[in-house]
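Biologist: Could you walk me through this model, with the cut-offs spelled out as we go?

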Amino acid sequence: SPARSAMHSFYAASDAHVQPPQSRHLAAAAAAAARDGGAWLSIERQWARRKAEAEDSFFGRMTPLAYATVQGWLAPPEGDMSARVTLVTQCSLDRLPRLRATLEAWRGPASVAVYIDAPRGSAAAAEREAALAQERRHLPAAVHTQLSISLLYARGGGMAEGDAEPGSAEEYDNLYPINALRNLAAGEARTELVFLLDVDFVPSAGLLRELQQQRPALLDTLAASRTALVVPAFEVDAAAPMPRVQSSLSALLRRGAASSFHEAHFRHGHGPTDAARWATASAPYEVAFEEYYEPYIIASRAWLPKYDERFRGYGMNKVQHLRAVAAAGARFVVLPLHFAAAHEHAKSAAWTRTLGPAAHPMHKMRIAALYARFKADAPPLPPPPPPHTRAPLAATPSGPAETARSAKKHRGDEGGDGAGADGS
């Protein structure tokens, strides 16, 4: 425990600076305290309980909430599922145009949870369901025949959003239920492997096809082990075209029109991916997990932890999950050549209400306390593997020649810039 570790460190330091008789007494005291570890553990548990009680008294009880849901409101037809990866995401109704771009780029199985900001059964909810059904009709047949949509409704019977006291627990409970939505979407995926992505991001062209046709051994590894495949994330200037292949993205990076996602103000989030290494890599490579690392990953549902639904609104909700993934013993392996990119856009309503200039500071304090509580309750992180043990996974089962051809295509060595080289 932290207390016993600190005690042993203290006695070890003391032992080097005192006379031998005193050293023996201190060592004996340390040994006795170690044997009495139950007392230390009892004190720590009491402290954690009192701390949680004080936080609940101050912030209001921070617990998951129950929501009305409809699983598989739209479900694909039953039949052969040849694809091995389902894209999993969530959104509110105002993000439906972005969802369409994501799905059209992915062109594979997808499970989406949509937030209906009205109680189930209300006239307002019926209007929103009709709008969602209308939007679905705009999707290409190849997309909506592989699409599952589930619905999560605003809680009824509570205090209305605008009536809650600023900063109160009631206002926090009305924030966007992002992790409840993520869990709902993941639960409706029809494949073992899932690609956990936020709706603003567009996958690079041919990502799913390359994984299935050129890297099936890599998918086998994901299905059989606690490996999280990192799909690097980039942010693109709003006025720049959305890159579809690595060569187009590299051109934007060179002229400063794109960057690793949130590189300027939150480098911890995606820094460990090492975009500079990714730019020249042709084989997957392993990276060490670091605190606050929150990449987009492909992994097996068989072992992936659920998202902590106590996190609502904006802040630490994905950081929490990736830390739980790391604590579960995951290896983080970066996929070369492919990526997901998002245009710069205005801050979401969730960000504005949680961290914006007019947001009540209690929300930021509440999320910080909640994250500290999550870490205290979570299992410890395993030690990172030594750098010399992080051997890259096999590039593809097709051999070095196929790997080289794939790298050339994505970097534009064949067919010019490559912006239109892969239209899927």
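Modeller: Happy to; we will take the sheet, a helix and the cavities in turn.

Modeller: This is a predicted model, in which local features need pLDDT of at least 70, side-chain atom pairs count only at pLDDT 80 or more, and totals for chains, interfaces and linings use all residues. Residues are numbered from 1 along each chain as its sequence is written, and side-chain values use heavy atoms, with hydrogens and water left out.

Biologist: Which strands stand at the edges of the open sheet?

Modeller: Nine strands form the open sheet, in the order β1-β4-β3-β2-β5-β11-β7-β12-β10, with mixed pairing. Strands are DSSP runs (E, at least two residues) and helices are runs of H or I with at least four, numbered from the N terminus; two strands pair if DSSP finds at least two bridges between them. Two of the strands each have a single partner, so one side of each is left without a neighbour in the sheet: β1 (69–74) and β10 (285–287).

Biologist: What is the bridge partner of T69 in β4?

Modeller: β1 pairs with β4 (residues 147–153) in the antiparallel sense, over three bridges. In β4, T69 has as its bridge partner L152.

Biologist: Is A288 buried or exposed?

Modeller: A288 sits in the loop between β10 and β11 (296–300). Buried means under 20% relative accessible area, exposed over 50%, and partly exposed in between (1.4 Å probe, protein chains only). With a relative accessible area of 16%, A288 is buried.

Biologist: Which residues of helix α4 are buried?

Modeller: The helix α4 spans residues 96–106, and R107, with a positive phi near 55 degrees, follows α4. The buried residues of α4 are L96, L99, T102, L103, A105 and W106.

Biologist: Which element gives the largest share of the lining of the second largest cavity?

Modeller: On a 1 Å grid over the protein atoms alone, a cavity is a set of points where a 1.4 Å probe fits but cannot get out, and lining residues have an atom within 4 Å of a point. The second largest cavity has a volume of about 70 Å³, where volume is the space filled by probe spheres set on the points, with grid points joined across faces, edges and corners. L96, L99, R100 and L103 are among its lining residues. The largest share, four residues, comes from α4.

Biologist: Which element gives the most to the lining of the largest cavity?

Modeller: The largest cavity holds about 100 Å³ of space. Two or more lining residues come from each of β2 (85–92), β11 and α13 (317–327). With three residues, the element that gives the most is β2.

Notes:
On a 1 Å grid over the protein atoms alone, a cavity is a set of points where a 1.4 Å probe fits but cannot get out, and a pocket is an open set with protein on both sides within 12 Å along at least five of seven lines; lining residues have an atom within 4 Å of a point.
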